[in-house]
Structures are given as C-alpha cells and as structure tokens.
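The following note sets out, point by point, what may be read from the model shown below. Please keep the structure in view while reading.

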Amino acid sequence: MNQMDAMRGNEALRRRMFSAVRQGRFPHACILQGAKGSGKGLLALALARALQCETGQGVSCGTCVSCRTIESGNHPDVFWVEPTKTKVLGVEDIRQQVVQEVSIKPYSGRYKIFVLPEADQMTPAAQNAFLKTLEEPPAYGVFLLLAEQAASLLPTVRSRCPVYGLKPLSQGEVASFLMEEKGVPAQQAHLLGEYAAGAIGKALQLLEDDSFLAMQQDVTEKLFLLPKTNTATVLGWAAGWTAYKQQPLFWELLLLFYRDLLLEQQLPQSKFLMEKEKRSQMAALGRQLTPGQIRRSADAVWTAKKQAAQNVNLQLALEEMLLTIKGEQHV
Ligand SMILES: [Zn+2]
C-alpha cells in the first residue's frame, strides 16, 4: 500500500505538494500546520518517501529500499528531530541534530530530510539557532516543520517557510480510513470517527485504547438499563463510573447517547446515528420517552459535567445525574 493512498482528506493540498515534488520545486523548508492527530506526521512521511524514492520521479514507488526504510524509520537520510533534555526542542537539540547533521552530505538519498514534530514548541533560542540553516540550506536540505499553530513560531522563521494547512477530516473520511487501512469493523470505525472529531491520529489512539472501548460498552449498556434499574444498583454504578475520571471522552459518550436517542426518535433510521448496532434498542427506548424527557436527561449530564469541572465530588455529581435521568425516564 502506497503511503499516499493511506491518507484521507486534504486532497487539493496534497495534490499541490506532491506535484511540487514531482516538478523538483518543493521548498527547502515548509510548515505543515494542523491540529493534533490531523495527519501531519503521515504527510511528512509520504513527502519524504516521494522525495527520496530511488526511481527519482518524485513519486514513492513503495518497493525500493529507500521507500521501505523510510516506512520503517531506518532511512539514513531522514531524521525525526526530537527533544533530548526537556519536553521541547532546545538550542542544543537543533545544533546537534540539525545544524551539524545537515553539514554532512547525504549518505544514500538525494536529500537529507529533517522532520521537526511540534516545531511550534521550539524555544526562541532554538529557532534562532535554526535560522542560519533555513536562510542558506544546502541544495540537499529539506526541513518539514510540523506545527499546530504556525503563528507561534518567530516571524523570522515563518517568513522562510510556506505554510501548508491541514483541515480536519469528516467523520466518514476517518471511518473509511479505519475500515480500509486498519480492518476495523464498520460500526466501530464510525464510532471512533465520531469521537475523534476528524483527527486520524486521535482515532488510532482510541483504537489502541482498550479502556475506551470497554468504557463505551459499559456506559452504553447501563444507560439502556437505567429506567428499569433500582436505586441502590444505580448508586453502585455512580461509584463505579468515578473510575472514568481520567477518560477525556466520558462526558461526550454520555451526551452522544442522548443525542442519538433523540435523533432516532425524531428521524428513525437516520444514517447519522453513530451507534448503528444499538439502533433497535434506541428506537425502543425512544418510543417510551418524550423529546422533553430526553432533553432533560441530556441536561442532567451537562449539569454533572459542569459540577465535575468545578471539583464537586464526582460520585455525588454522578449519583445526582443518574437519579435525575432515572426519574425523568421512569416507565
Ligand atoms: Zn521507491
């Protein structure tokens, strides 16, 4: 599988960049700007492969030694510049990993490519140390600066690097990536696509995170049972759910449940419903409730979410939330 094909979205941007590579007019330095998980790293890898491919056509063949070693991270002329002492790139990192390294000719590739993840976190001193190299790069030097915010870089650095902005993908684009590249079943792919809000990197992280899928299973199952469960048991759930304190998507999961419930009730069989496997269960629960009851259930989640953010005891907030919803949905 060619790396190009493994990417999704941002077609126009990619076409522009890769045609510059083919025509031999790719800039020595550029900024790839996009949110966390938007595919900056994948794009940098694909560009490195196209630039270095032994066919010399500016297109990655995917099979030559160069293409394969870049994929596995072992290419002698492709460098990922990483912080060594602190969490951000400092002046010594730039001196040792970039300035000194670029003065040595490529080992086997046509170019020497430096990828700087989180370049916008570089210290000002590091950026100043980088400047001379950016101003007068050797013919074989290529610098790919990955940044969430290009504006965080010094103007002197920015003025030497065109900015290529990556947009978040649609939920469907993330889902099709997961299905085709990772063999994720359709329903789960759509679910992860929804939660990842357009960021493939985030979706991949969630995919590897068993605890997310376990939480999703647990929470959804219980929300269906809630109207028919006795108070003592519900209080036990509240205690158990405090374990999800560190899960960033816990509240979204709850809110999406009620959004889906309302959606299924108002627009049955909508293709936007994310948890398709739960559709019949959703439809059954939806038939027992009024839109107002569902909305007030979602409001109870919002209230608990706000309380948790204000350091109200999480278990108390969850107890109140679940009992409020149970009261609303009493059947
Ligand atoms: Zn190749």
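**Helix α14 and its surroundings**

1. The buried residues of α14 pack against α12 and α15 (314-328). Here helices (H or I, at least four residues) and strands (E, at least two) are DSSP runs, numbered from the N terminus. Two residues are in contact if their C-beta atoms, placed from the backbone, lie within 7 Å. This is a predicted model, in which local features need pLDDT of at least 70 and side-chain atom pairs count only at pLDDT 80 or more, whereas totals for chains, interfaces and linings use all residues. Residues are numbered from 1 along each chain as its sequence is written.

2. The buried residues of α14 are Ile294, Ser297, Ala300, Val301 and Ala304. Seen down the helix axis, they fall within an arc of 110 degrees, so they line one face of α14; the arc is that of the directions from the helix axis to the C-beta atoms. The face turned away from this buried side carries the exposed residues Pro291, Gly292, Lys306 and Ala309. A residue is termed buried if 20 or more other C-beta atoms lie within 10 Å of its own, exposed if 12 or fewer, and partly exposed in between, with C-beta atoms placed from the backbone.

3. The length of α14 agrees with expectation, because its 19 residues should span 27 Å at 1.5 Å a residue and its end C-alpha atoms are 27 Å apart. The expected span is 1.5 Å times one less than the number of residues.

4. How do the axes of α12 and α14 cross? The axes of α12 (residues 250-266) and α14 (residues 291-309) come within 10 Å and cross at roughly 170 degrees. Axes are lines fitted to C-alpha atoms, for helices over the stretch in contact, and angles run from 0 to 180 degrees between N-to-C directions. The two helices α12 and α14 are therefore roughly antiparallel, a term for angles over 145 degrees. On the α12 side, the contact is made by Trp251, Leu254, Leu255, Tyr258, Leu261, Leu262 and Gln265. On the α14 side, it is made by Pro291, Ile294, Ser297, Ala298, Val301 and Lys305.

5. Asn311, which follows α14, is in the loop between α14 and α15. Its phi is positive, about 65 degrees, although Asn311 is not a glycine. Asn311 counts as exposed, with 8 C-beta neighbours inside 10 Å. Glu118, in the loop between β3 (112-116) and α5 (124-135), also has a positive phi, near 50 degrees. Glu118 is partly exposed, with 18 other C-beta atoms within 10 Å.

6. Helix α1 (residues 11-22) has 12 residues that should span 16 Å, and its end C-alpha atoms are 16 Å apart, which agrees. Met17, Phe18 and Val21 of α1 are buried. These buried residues fall within an arc of 90 degrees seen down the axis of α1, so they line one face. What covers them includes α2 (40-52) and β5 (163-165). On the other side of α1, Ala12, Arg15, Arg16, Ser19 and Arg22 are exposed. Gly24, with a positive phi near 70 degrees, follows α1.

7. For the protein chain as a whole, the secondary structure comes to 15 helices and five strands. Of its 331 residues, 35% count as buried. The domain assignment, which is automatic or from a database, gives domain 1 (3-165) and domain 2 (210-328). The C-alpha centres of domain 1 and domain 2 lie 44 Å apart.

Note on methods
Angles under 35 degrees count as roughly parallel, over 145 as roughly antiparallel, 65 to 115 as roughly perpendicular and the rest as oblique.
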